[in-house]
Amino acid sequence: MKKFMDKDFMLSTPTAQHLFHDYAEKMPILDYHCHINPQEIAEDRKFDNITQVWLGGDHYKWRQMRTNGIEEKYITGDAPDREKFQKYAETLEMAIGNPLYHWSHLELQRYFGYYGTLNGDTAEEVWNLANSKLHEDSMTVRNLIRQSNVTLICTTDDPADSLEWHQKIKDDPTFDVQVLPAWRPDKIMNVEKPTFAPYIAKLSKVSGVDVNSYDTMMKALRARMDFFDTLGCKVSDHALEYVMYKPAAKDEVEKIFEKALNGQAVTKEEGDKFRTAFLQEIAGEYVKHGWVMQLHYGAIRDQNTDMFEKLGPDTGYDAINAYDSSIEMGQFLNALKKAGSLPKTIIYSLNPTANATIGALIGCFQDSDAVMKVQQGAAWWFNDHNEGMRAQMTSLANLSLLGNFNGMLTDSRSFLSYPRHEYFRRILCDLIGGWVENGEYPDDEKALKKIVQGISYNNAVRYFGFNLKTVEV
């Protein structure tokens, strides 16, 4: 029997162990998509206890606690932090086979030096150990980032954001990790929602452009993109229920904008026409700025409307949309290609059955502009577990070039989530190591080193064009 989560955890062959310990483990981390708060980095926050850093905003954990029958007061409510931690510990011991079990214990090992198991009986021991450690200066937000060997972080930022905290981080010579904004214009996309008109008013104010038409909206957004550019932005991101392609004449798009601005009801079809026009035009702006476009699709949001009304979005009530939008996605990419406005693009689907669809489609739009210009993104959200990562990488290997894959990102709100990169790299090395041991790929040290270090870090450095150097260990 193997020891629980020892140094060779998930590494089932000698080749896998070699690739991980000698190459992947030593590579830095480039976190090109996450949801952490730049203000907490600027202020170098220190957490009072492990509940704050572990359970604050983490809907992954909240969902499992609810599944364990825990009352909401111990999850998002006003119960004491010690009691919330106890309830999570009791939930975790039921989480066999769930990535939370591995992530949580990797974090306890890497940041707190705890190699036991967390459960209801050990919760007090872990609580005291972790909290004592969190009070040390080595556990401030910035030091957590440093000790995780992170070189660059891309946050998720609205076009109307002031980016004041990014500016403060940039101006601070004592912190050498780059923290860059990433452009996330979801509120522009939500043209059917009553929040659209108030958001347009906010956009007008921050951009200095009187937004009273679709064209002036785009003018305001271009001004904001120029501002984001000054702070090093190189990445955009779009959260979509599905990838749509409903082209419409410009005057029809203008009328849809006017309806939304005046608070009139916009139909789903009209919304898709507006989003299609917007995505096509904004993609051309990404090409001009040299930005990467990320498309995250396949989530159906806020399924439990009662809890959404109580807690708001991103609280653990989203699910997978199984709608197949592959035809529209191909049409959308083709339209961009024909217009000369196809940027580097990363496509993520929340539905794991779309792996082959994406893997086949991206091959239709590759060219010499960039290595693997159109990519399938890492296994995301409900898929970033052992089986999901293996399935995504195996499919990508079968249909494209796994060696050019950009690798892992945290997509997290927690400063303790960087061991997810280790988790990914262990799975990567075990997958590749298995192919080598099985005679499916030669034991070519030079090639294997390049592939593993590339997927771990170097490919993303090259792809995004960040001001970083590739690393060889």
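## Helix packing and cavities

Helix α12 (residues 214–230) packs against helix α14 at an angle of about 35°, and their axes lie 11 Å apart. The model is a predicted one. The crossing of α12 with α14 is right-handed. On the α12 side, the residues that meet α14 are Y214, M217, M218, L221, R222, M225, D226 and D229. They face F274, A277, F278, E281, I282, E285, Y286 and H289 of α14. This contact has ten nonpolar residues, one polar residue and five charged residues.

Helix α14 (residues 268–289) also packs against helix α16 (residues 326–338). Their axes come within 10 Å and cross at roughly 45°. That makes α14 oblique to α16. The crossing of α14 past α16 is right-handed. From α14, the contact takes L279, Q280 and A283. From α16, the contact takes F332, A335 and L336. By class, these residues are five nonpolar, one polar and no charged.

A further pair is helix α6 (residues 99–112) with helix α7 (residues 123–134). This pair packs at an angle of about 45°, with the axes 11 Å apart. Helices α6 and α7 are therefore oblique to each other. What is the handedness of the crossing where α6 passes α7? The crossing is left-handed. L108, Y111 and F112 of α6 make the contact with V126, L129, A130, K133 and L134 of α7. The contact of α6 with α7 holds seven nonpolar residues, no polar residue and one charged residue.

| Helix pair | Angle | Axes | Crossing |
|---|---|---|---|
| α12 and α14 | about 35° | 11 Å apart | right-handed |
| α14 and α16 | roughly 45° | within 10 Å | right-handed |
| α6 and α7 | about 45° | 11 Å apart | left-handed |

Next come the cavities. How many cavities of 30 Å³ or more does the count give? The count comes to three.

The largest cavity has a volume of about 80 Å³. Its lining includes V53, W54, G56, G57, D58, H59 and Y60. D411, S412, R413, S414 and R420 also line the largest cavity. Which elements give two or more residues to this lining? They are α3 (50–55) and α4 (59–67). The lining of the largest cavity divides by class into three nonpolar, five polar and four charged residues.

The second largest cavity has a volume of about 50 Å³. Among its lining residues are H296, Y348, A378, A379, W380 and W381. D384, M408, L409, T410 and D411 line the second largest cavity too. By class, this lining has seven nonpolar, two polar and two charged residues.

Conventions:
Residues are numbered from 1 along each chain as its sequence is written. This is a predicted model: local features need pLDDT of at least 70, side-chain atom pairs count only at pLDDT 80 or more; totals for chains, interfaces and linings use all residues. Side-chain values use heavy atoms; hydrogens and water are left out. Axes are lines fitted to C-alpha atoms, for helices over the stretch in contact, and angles run from 0 to 180 degrees between N-to-C directions. Helices (H or I, at least four residues) and strands (E, at least two) are DSSP runs, numbered from the N terminus. Angles under 35 degrees count as roughly parallel, over 145 as roughly antiparallel, 65 to 115 as roughly perpendicular and the rest as oblique. A crossing is left-handed if the near helix is turned anticlockwise from the far one by less than a right angle, and right-handed if clockwise. Contact means heavy atoms within 4.5 Å. Ala, Val, Leu, Ile, Met, Phe, Trp, Tyr, Cys and Pro count as nonpolar, Asp, Glu, Lys and Arg as charged, and the others, Gly among them, as polar. On a 1 Å grid over the protein atoms alone, a cavity is a set of points where a 1.4 Å probe fits but cannot get out, and a pocket is an open set with protein on both sides within 12 Å along at least five of seven lines; lining residues have an atom within 4 Å of a point. Grid points are joined across faces, edges and corners, and a volume is the space filled by probe spheres set on the points.
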